[in-house]
Amino acid sequence: MPKVALIMGSASDAPSLEGCYKTLKRFGIESDVRVMSAHRTPVDTAAYVKSARDNGVELFIAAAGKAAHLAGVIAGHTTLPVIGIPMVSSTMDGLDSLLSVVQMPPGIPVATVAIGGGENAALLAAQILAIKYPEIGEKLVTHRKIMADGVREKNTEIREKFAAL
Ligand code: RP5
């Protein structure tokens, strides 16, 4: 049963969300991927969000571009945590969606990651779910170790490269 609902406002957002999906999968987190629009299919979106908890969903990731109110609308229909991903889909390089997602009025929060930050959305979802599922927490510890080892390797490499200049 999927723990995460990964919702995008349009099929045009899909290519930028593959990293998010794959990262969730790497942590053993099944996600229910949906294209649902806050303005083009508002009734479907509300119905899905309202029934999601009963279907085992524990967290939402919502990605949208332009006047991106999808994450905020989802958050208004549930008390489950909502992570918003602002998408680049206009001439404004995603700044429009960043402000639309991050500037939620008091009372209905959306945890916003960087523009196009699908991987961080997945990692934040993993960290939230790890409170309840220790096996996800163990994978996060391994992930951090691999990342740190990678930086240490680069440190050695760059120091050697500069020393030889
Ligand atoms: C938003 O408008 C979507 O999330 C997408 O980023 C943007 C453009 O949608 P399309 O016109 O490509 O369907 O709702």
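Predicted model: local features only at pLDDT ≥ 70, side-chain atom pairs only at ≥ 80, totals over all residues.
Residues are numbered from 1 along each chain as its sequence is written, and side-chain values use heavy atoms, with hydrogens and water left out.

Let us start with the overall layout. The chain holds six helices and five strands; helices (H or I, at least four residues) and strands (E, at least two) are DSSP runs, numbered from the N terminus. Read from the N terminus, the elements follow the pattern β-α-β-α-β-α-β-α-β-α-α. Along the principal axes, the C-alpha atoms fill a box of roughly 65 × 40 × 30 Å. Of the 165 residues, 42% count as buried, where buried means under 20% relative accessible area, exposed means over 50%, and partly exposed lies in between (1.4 Å probe, protein chains only).

Now to the sheet. Its five strands form an open sheet in the order E2-E1-E3-E4-E5, with parallel pairing. The edges are strand E2 (31-35) and E5, each of which pairs on one side only. Two strands are said to pair if DSSP finds at least two bridges between them. Strand E1 (residues 4-8) runs parallel to E3 and is joined to it by five bridges. Ile-7 of this pairing has Ala-62 as its bridge partner in E3.

Strand E3 (residues 59-65) and E4 run parallel and are joined by six bridges. Another link between them is Ile-61, whose bridge partner in E4 is Ile-83. Ile-83 in turn stands opposite Ala-111 in E5. E4 and strand E5 (residues 111-112) are parallel as well, with two bridges joining them.

A crossover is called right-handed if, with the strands pointing away from the viewer, the path from the first strand over the helix to the second runs clockwise. E4, helix H4 (residues 95-102) and E5 make another right-handed β-α-β unit.

Next, look at how E3 and E4 are covered. In a regular strand the side chains alternate between the two faces of the sheet. From E3, Leu-59, Ile-61, Ala-63 and Gly-65 point one way, Phe-60, Ala-62 and Ala-64 point the other way, and all are buried. Strand E4 (residues 82-87) is also mostly covered, with six of its six residues buried. Val-82, Gly-84 and Pro-86 lie on one side of E4, with Ile-83, Ile-85 and Met-87 on the other.

Some of these residues take part in the largest nonpolar core. A nonpolar core is a set of buried Ala, Val, Leu, Ile, Met, Phe, Trp, Tyr and Cys residues joined through side-chain atoms within 4.5 Å. Of the 25 residues in the largest one, Leu-24, Ile-29, Ile-61, Ile-85 and Ile-136 touch the most other members. E1, helix H1 (18-26), E3, E4, helix H5 (118-130) and helix H6 (134-163) each supply at least two residues. H5 gives the most to this core, with seven residues.

The ligand comes next. Among the residues around it are Gly-9, Ser-10, Asp-13, His-39, Ala-64 and Ser-89, counted when one of their heavy atoms lies within 4 Å. Several polar contacts, pairs of N or O atoms within 3.5 Å, can be followed here. A ligand oxygen atom is 2.7 Å from an N or O atom in the side chain of Ser-12. A polar side-chain atom of Arg-40 also lies 2.7 Å from a ligand oxygen atom, and a polar backbone atom of Gly-65 is 3.0 Å from one. Taken alone the ligand exposes 360 Å², and the protein buries 81% of that; accessible areas come from the Shrake-Rupley method with a 1.4 Å probe, and for residues only the protein chains shown count as cover.

Most residues other than glycine have a negative phi. Lys-66, in the loop between E3 and H3, has a positive phi of about 55 degrees although it is not a glycine. Lys-66 is partly exposed, with a relative accessible area of 47%, and is one of the residues surrounding the ligand. Asp-93, in the loop between E4 and H4, likewise has a positive phi of about 55 degrees. At 58% relative accessibility, Asp-93 counts as exposed.

Technical notes:
Polar contact = N/O pair within 3.5 Å; in protein donor to acceptor, adjacent residues only side chain to side chain.
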